[in-house]
Amino acid sequence: MPAEVPHFATATDLAAKIRRKELSAREVMASHLEQIARVNPQVNAIITLLPEEQLLAAADQADAAVARGDELGPLHGLPIAHKDLQLTKGIRTTFGTPIFKDFVPDRNTLLIDRLQGAGAISIGKTNTPEFGAGSQTYNEVFGETHNPYDLTKTCGGSSGGAAVALACGMIPIADGSDTGGSLRNPANFCNVVGFRTAPGRVPSFPATLGWWPISVSGPMARTVQDIALLLTAMAGPDRRVPISIPEPASIFNQPLDRDFRGTRIAWSPNLGDLPVDPRVTDTIAAQLPVFEQLGCTVEEASPDFTDADQIFKAWRSWNTELAQSTNVAKYGDLIKETIRQETAEGAKLTGPELSRLEKARTELFQRVTTFMDTYEYLICPVSQVPPFDIRQRYVTEINGQQMGSYIDWMKSCYYITITGLPTISVPCGFTAEGLPIGVQIVGRHQHEIGVLQLAYAFQQATNVWQHHPQIALP
């Protein structure tokens, strides 16, 4: 592989070098394809890969555009793989389920159109659990995706394939999606960055529910500056998406440097009363002085998350019933049990139950935003446990406390989901066993730039992201 194409160069640097003709898109593509061939068999992150000759030809076309002096998009010439929940025209899209194992869409989602329109070259798809349900990446079509820092551990989910592909230097940028933590949890487990923006910042189309605020698509990368680069392509309004935020994507071109002197941060080790493995809180607590060195004042405090659990579970079940009832009725046991159970729970919900929960969600939002008037940021664990055994489908107990469902161990993520606030997972440190731990940085309503600025400052002060998995190194 070309020595001048390091697999762990930032996407920002690679795009700039392609633009300046210091690197060719073909060199970048060939180098990443070689890394995929070497590492992917060990981790099973990229589960559909387009033919090499097709990808090199696309890279040649990107180089020709540079040579002609064409106007170039911000992602010009960069390889990208898409989560296997996104419709990709002409590329197999299975949703991680046997019932769609041979499905090839005839159109893209809006997100894919925007990424390709910004110059990224689609190389294939990344693994995800069936229909994205759960924070452990496995399915009956492709099997399990392994954590590159310990192949016996899970990479998290549901954007697990994307996180592992990034961590291993197989791609420089990726997309994912997040309902209860699916951008944040795998980033946290794999020492990369995952950003759940405010609903509507990255509009989703087509969508069955145009006003749906619980699930979002978004960026994943190895660095915060690459997340901002991706948002210059992903973000921006779309007239077909009623909750899309009107600000243009160009707002993410601004510098991430900022003076944090006098900034107040709330540190919540357990969001009030959640069980959290001490390996997680100890790793984050060891880095709290970094925020103080940046000039911040860090105080232990937490918003009141009363009713967050019931709100999230009801809306998740309601949406699962809408999305999966037909499939469950038609295919039955071909769909995994947790989805069938969630669909059944959704069918039991009544209008009065949902209306009262929506009232409670409004009250929760108002409590949290009032809390954020005092603190510009909330920092807390991403997941309540470190990466666990890959054979275990979900966490059943934490610190001796039994989990009531397959998603209960993800409350530290989905409590934040319910608020609608922008939140990012940034590499923070490692357990004594060498397992990655991220820190979750939550910002004020629709203030993604603020979140990126603090995440960038923390990243630059710690450089934890530069600790790459051994199996991915030459």
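The structure is a predicted model in which local features need pLDDT of at least 70 and side-chain atom pairs count only at pLDDT 80 or more, while totals for chains, interfaces and linings use all residues. Residues are numbered from 1 along each chain as its sequence is written, and side-chain values use heavy atoms, with hydrogens and water left out.

The protein chain contains 14 helices and 17 strands; helices (H or I, at least four residues) and strands (E, at least two) are DSSP runs, numbered from the N terminus. Its C-alpha trace spans about 60 × 60 × 45 Å along the principal axes. Contact is defined as heavy atoms within 4.5 Å. Among contacts between residues at least 6 apart in sequence, 77% join residues at least 24 apart.

The accessible surface of the protein chain comes to about 17,600 Å², and 50% of this area belongs to carbon and sulfur atoms. Accessible areas come from the Shrake-Rupley method with a 1.4 Å probe; for residues, only the protein chains shown count as cover. Residues are classed by relative accessible area as buried (under 20%), exposed (over 50%) or partly exposed (in between), with a 1.4 Å probe and protein chains only. Buried residues make up 62% of the 474 residues. The mean positions of the 39 positive and 50 negative charges are 4 Å apart. In this count Lys and Arg are positive and Asp and Glu negative, whereas His and the chain ends are not counted; the charge is placed at NZ of Lys, CZ of Arg, CG of Asp or CD of Glu.

In soluble globular proteins, nonpolar side chains tend to be buried together. A nonpolar core is here a set of buried Ala, Val, Leu, Ile, Met, Phe, Trp, Tyr and Cys residues joined through side-chain atoms within 4.5 Å. The largest such core has 145 residues, of which Leu75, Phe291, Ile441 and Leu452 touch the most other members. Beyond its neighbours within four places in sequence, Ile441 is in contact with residues including Phe291, Tyr377, Leu378, Ile379, Val451 and Leu454.

Helix 7 (residues 224–234) is mostly covered, with 10 of its 11 residues buried. The buried residues include Val224, Asp226, Ile227 and Met234. Their cover includes helix 1 (11–19), helix 4 (110–117) and helix 14 (448–462), together with strand 8 (173–178), strand 9 (193–196) and strand 10 (216–221). Just after helix 7, Gly236 takes a positive phi of about 110 degrees.

Most residues other than glycine have a negative phi, and most peptide bonds are trans. Against this background, the peptide bond from Gly157 to Ser158 is cis, with omega near 10 degrees; Ser158 is found in the loop between strand 7 (150–154) and helix 5 (160–167). Another cis peptide bond joins Phe205 and Pro206, with omega about 0 degrees, and Pro206 lies in the loop between strand 9 and strand 10. Phe95 has a positive phi, near 60 degrees. This residue lies in the loop between strand 2 (79–83) and helix 4 and is buried, with a relative accessible area of 16%. Asn191 likewise has a positive phi, of about 65 degrees. Asn191 lies in the loop between helix 6 (184–190) and strand 9 and counts as buried at 3% relative accessibility.

Three further loop residues were examined. Leu349, between helix 11 (337–348) and helix 12 (351–374), counts as partly exposed at 23% relative accessibility. Gly169, in the loop between helix 5 and strand 8, is buried at 0% relative accessibility. The C-alpha atoms of Gly169 and Ala198, 29 residues apart along the chain, are separated by 28 Å. His76, in the loop between helix 3 (52–68) and strand 2, is buried with a relative accessible area of 11%.
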